[in-house]
Amino acid sequence: MLPYLWLLLLIGIIVRLSKIKLWFLVKGLTPIWIFLIFTFAMHLFLTKGGTRLIEIAFISIDTAGILEGIYIVLRLMFIIMISTVMTLTTSPIDLTDAFERLLNPLKWIKIPVHQLSMMMSIALRFIPTLMNELDKIILAQKSRGSEISSGSIANRIKAFVPLLIPLFVSAFQRAEDLAIAMEVRGYDTNKQRTSYRRLQWQLQDTLTLVILIPIALILIALKVIGV
């Protein structure tokens, strides 16, 4: 449990420095609460070990299942919260530039680093676009009398199925338009490209490494010794 307290402390420091309100990060977990509950339930009923708490017919709950479910859910929550902070404080261009610079040595073994960075940049760019498109489709369905945000979970899932087809059609259309635009502008993945903006190592980067590396080593040590 101690590593998770360290992670919680680290996230608190990051949130404080980023000046992002904590409730905003917690609100970002709302869309996946069903997935988190399902994950916890899977570990609750399938992980065995420790003290047997409940046993009814073929259903049993052990302390190991409860702890494992809590740990996995906390990991997922921490990952989502850290990812949210990163995407809110760093522009997609900076992310892809940093990603390309980080993987730049892999070019020596013929790994298409630039293509991977371009894919990442396009994916990050299209996420808000597709979310806006999904909102428009939902509003259009609601105007036709479709019940999407009410009813049982099964009914909500069924109501979301008709949203997928127009969303996929829109996504493929936008992807085709982007591919044509890049081709018209002479984009070639095999050509050596330069950057208009070049990242420079700064003092903040050094301080970040000085802080994060010891914390990472502490977390690894705690995991190894089983604390």
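Select R125: is this residue buried or exposed? R125 is exposed, because its relative accessible area is 52%. Here, exposed means over 50% relative accessible area, buried means under 20%, and partly exposed lies in between, with a 1.4 Å probe and protein chains only.

A word on what you are viewing. This is a predicted model, in which local features need pLDDT of at least 70, side-chain atom pairs count only at pLDDT 80 or more, and totals for chains, interfaces and linings use all residues. Residues are numbered from 1 along each chain as its sequence is written, and side-chain values use heavy atoms, leaving out hydrogens and water.

**Stop 1: around R125.** Colour residues 113–143. This is helix 6, and R125 sits in it. R125 and L178 are 53 residues apart in sequence. In space, their C-alpha atoms are 12 Å apart.

**Stop 2: the whole chain.** Switch to the cartoon view. The chain has 8 helices and 2 strands. Both kinds of element are DSSP runs, numbered from the N terminus: helices are H or I with at least four residues, strands are E with at least two. Trace them from the N terminus, and the order is α-α-α-β-β-α-α-α-α-α. The chain is more spread out than a compact globule, because its radius of gyration is 23 Å, well over the 17 Å that the globule rule gives for 227 residues. That radius is taken over C-alpha atoms, and the rule is 2.2 Å times the number of residues to the power 0.38. Along the principal axes, the C-alpha atoms fill a box of roughly 65 × 55 × 35 Å. Buried residues make up 20% of the 227 residues.

**Stop 3: D62.** Zoom in on residues 59–62. This is strand 2, and D62 belongs to it. D62 is buried, because its relative accessible area is 3%. Which residues is D62 in contact with, leaving aside neighbours within four places in sequence? They are T47, K48, G49, T51, R52 and L53. Contact means heavy atoms within 4.5 Å.

To finish, show both residues together. R125 is exposed, whereas D62 is buried.
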